[in-house]
Amino acid sequence: MEKKTTPIAKVDDLVIHYETRDGVVEAVNGVSFEILPADTFGLVGETGAGKTTIALAMMGLLPYPPTHIIRGKVEIDGEDIAKKSKNDMRAIRGKKVSMIFQDPMTALNPVVGIGDQIAEVILLHERCTKEEAQKKALDMLQMVGIRPERYKDYPHQLSGGMKQRVVIAIALACNPELLIADEPTTALDVTIQAQVLDMIKDLRDRFGTALMLITHDLGIVADICNKCAVVYAGEIVEIGTVEDIFDRPQHPYTLGLFASIPSLDKDVERLQPVKGQIIDPTDLPPYCSFCDRCDRCTEQCRAADPKLVEVSPGHFVKCIFARKEAD
Amino acid sequence: MALLEVEHLKQYFPVSKGLLHAVDDVSFTLEKGKTLGVVGESGCGKSTLGKTIIRLLDPTAGTVRFEGQDIAKMPAREFHKIRPDIQMIFQDPYASLDPRLSIRELIAEPMRIYKTQPTKEALNRRVDELMDTVSLAKRFENSYPHELDGGRRQRIGIARALALNPKLIVCDEPVSALDVSIQAQVLNLLQDLQKELGLTYIFITHDMSVVKHISDDIIVMYLGQIVEKAPAKVLFQQHWHPYTKALLSAIPVPSLHNRPQRVLLQGELSSPINPKDTCRFAGRCAYCTEACKNGKTPALREIAPDHFVACHRVQEINALPDAT
């Protein structure tokens, strides 16, 4: 495959609100990033940070109403998906961008055999006969490590790890340029998680698929990603290469996340958690939304919302204390 | 005397295909004020072990001695008197609280059942005290569980467990449903309470970094059996059972440096229904020989002081001297 340097996906100043009975949920507040064809981009954050909303927006899958894209756009392969018709989007989903969902138990159709569920995607996107699609589905099954004789099995006959493998086979069946994986291994045990992550890595390298990985587990990001963004209250608070985030983090929230994880190689008497609770997205302040949980918060922090500052090429931090890195 | 002594505990469930061996011959002792971590993957029987110890389930066989008394076979009426000493914190703070009770009522409920507070005022005072202990703000007293987030809900679960001044608390995945920043808060709270009140914990989890942080001793379970048992500090330096090795190496480490060499396990858990009397890990084990497949279930042997491993080839694999 020729090397492309134009981004496969570009999210530009995206703002998404949900309307609920309790008020407007400001789920995504001005998020911008790019994914290049060779990237594995990690999106890290806690529950309610807006990670999944961003992913669904990139797939054109946000329900409307109650969701409103207030501002900004998503470009897939240089084209604004907001301008696409429903039919055009169908052609893009599965072919150019695919998504793996968190819960493999609910992502599969319980009354269709797993092999035919893979063949369905291929039939939809590629000009081929049913037999050809089934043959390709069989290949995909083997690629994700499931024996061909299980082609006719139903989802309930498979374990959680195997179901997630089938979901991955479906997502990759049409060789998409970008795969969005939303917490692909959260529902799995660690040893199975390790198997599935290794398989995702292997397939990514083999097909040259760009990957966007949504997770709350910094360990998985360190394992698989080359770039990463930390999301808090619908905003990217820090973005850069994994080296930037893991070796030279600057944002107090990023630092707090690292301090909250019990370490396996160091003995820590007491964890240093981020204080307080996750902020209520219906009631965001006009200033830095991390203020209430931040130890370094000053008057100045409550005066205005900080901008993303570039502290070294490609490494941005949304904090007034962000300092340029000395080389 | 140890606070808790579990001997040859078995919990089998009859299912249509036979007997499901959820807990199969588990023995350990736990000293007062200590924390025992129980780790393993889903389906290894760790939750069933917890429930059997506090007698939410009646064991198939074996004894559970709490302060010297066998509580496993004690008549229910008699056990009722001991129940306040043994409490449990449940995994899912969304499912373990009655949605129709307010926070105040939820925390008062155990004390109301056991009539530990003579007057209404005393009960209210104790609820306030407990809310304070677990750092729940007083403004939540009349809220209902659905109005609170996971971290606060789990604090209610902890307050309920503490209400009767227990000696032993079985914590079944108490932080698994929580985000990391909140998880760290709850872990710190549990540790503070242990120091203050001299509590003893059995801490069941699948998260190795959490269990290392909080435990004194660790039991690694696989398909209903203990495969390795060691002090927490030792286990993370020297893990001798092939399953423990794989389990530890599978954890994604949040650092770009000194990443462990991964030992990938083949296949998945075999069935716990009518298991054969051989090593249960044999099918996934990289070191498995014919002797492992055909031999008996390996016994849990003390390989080094306080370090027990159930593997036929443990000395060979780890180049340890043969102990007898």
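1. The structure is a predicted model, and local features are discussed only where pLDDT is at least 70.

2. The sheet of chain B. An open sheet is built from 8 strands of chain B in the order S6-S7-S8-S3-S9-S10-S12-S11, with mixed pairing. Its edges are strand S6 (86-89) and strand S11 (301-304); each has a single partner strand, so one side of each has no neighbour in the sheet. From one strand to the next the twist averages 25 degrees. Helix H5 (residues 150-162) of chain B packs on this sheet, where it touches S6 and strand S7 (168-172) of chain B. The direction of H5 makes about 175 degrees with that of S6(B).

3. Strand S3 of chain B and its two partners. Strand S3 (residues 35-39) of chain B runs parallel to S9(B), and 4 bridges join them. Within this pairing, B:Gly37 has B:Ile218 as its bridge partner in S9(B). S3(B) also runs parallel to strand S8 (residues 200-205) of chain B, to which 5 bridges join it. Here B:Val39 is partnered by B:Thr205 in S8(B).

4. Strand S9 of chain B. Is strand S9 (residues 217-222) of chain B largely enclosed or left open by the rest of the structure? It is largely enclosed, because 5 of its 6 residues are buried. S9(B) pairs with strand S10 (residues 225-231) of chain B in the antiparallel sense, over 6 bridges. In this pair B:Ile219 stands opposite B:Lys229 of S10(B). The two strands S9(B) and S10(B) form a hairpin with 2 residues between them, and B:Leu223 in the turn has a positive phi of about 45 degrees. Helix H9 (residues 242-249) of chain B lies across S9 and S10 of chain B, at about 100 degrees to S9(B).

5. The sheet of chain A. In chain A, 8 strands form an open sheet of mixed pairing, in the order S6-S7-S8-S3-S9-S10-S12-S11. S6 and strand S11 (309-312) of chain A are at the edges; each has a single partner strand, so one side of each lacks a neighbour in the sheet. Neighbouring strands are turned against each other by 20 degrees on average, direction ignored. Strand S3 (residues 40-44) and strand S9 (residues 227-232) of chain A pair in the parallel sense over 4 bridges. In that pair A:Leu43 has its bridge partner in S9(A), namely A:Ala229. H6(A) lies across S6 and S7 of chain A and runs at about 170 degrees to S6(A).

6. The second largest pocket. This pocket holds about 650 Å³ of space. Its lining consists of 19 residues, and those nearest its centre are A:Met99, A:Phe101, A:Ala107, A:Val121 and A:Ile170. Which elements of chain A each supply at least two lining residues? They are strand S6 (97-100), helix H4 (114-125) and helix H6 (160-172). H4(A) gives the largest share, 5 residues. By type, the lining divides into 11 nonpolar, 5 polar and 3 charged residues.

7. B:Ala22. This residue is found in strand S2 (residues 18-30) of chain B. B:Ala22 counts as buried because its relative accessible area is 8%, under the 20% limit. Apart from residues up to four places away in sequence, B:Ala22 touches B:Gln11, B:Phe13, B:Cys44, B:Gly45, B:Thr48 and B:Gly224. The C-alpha atoms of B:Ala22 and B:Ile273 are separated by 8.5 Å, although the two are 251 residues apart along the chain.

8. Two glutamates with positive phi. A:Glu183 has a positive phi of about 45 degrees although it is not a glycine. A:Glu183 is in the loop between strand S7 (178-182) and helix H7 (190-207) of chain A, and is buried, with a relative accessible area of 8%. B:Glu67, also not a glycine, has a positive phi near 50 degrees. B:Glu67 is in the loop between strand S4 (61-66) and strand S5 (69-70) of chain B. With a relative accessible area of 34%, B:Glu67 is partly exposed.

9. B:Ser209. Helix H7 (residues 208-214) of chain B contains B:Ser209. B:Ser209 is buried, at a relative accessible area of 9%. Leaving aside neighbours within four places in sequence, B:Ser209 is in contact with A:Pro262 and A:Leu264.

How values were computed
Residues are numbered from 1 along each chain as its sequence is written. Chains are lettered from A and ligands numbered from 1 in the order in which they are written. This is a predicted model: local features need pLDDT of at least 70, side-chain atom pairs count only at pLDDT 80 or more; totals for chains, interfaces and linings use all residues. Side-chain values use heavy atoms; hydrogens and water are left out. Buried means under 20% relative accessible area, exposed over 50%, partly exposed in between (1.4 Å probe, protein chains only). Contact means heavy atoms within 4.5 Å. On a 1 Å grid over the protein atoms alone, a cavity is a set of points where a 1.4 Å probe fits but cannot get out, and a pocket is an open set with protein on both sides within 12 Å along at least five of seven lines; lining residues have an atom within 4 Å of a point. Grid points are joined across faces, edges and corners, and a volume is the space filled by probe spheres set on the points. Ala, Val, Leu, Ile, Met, Phe, Trp, Tyr, Cys and Pro count as nonpolar, Asp, Glu, Lys and Arg as charged, and the others, Gly among them, as polar. Two strands pair if DSSP finds at least two bridges between them. Axes are lines fitted to C-alpha atoms, for helices over the stretch in contact, and angles run from 0 to 180 degrees between N-to-C directions.
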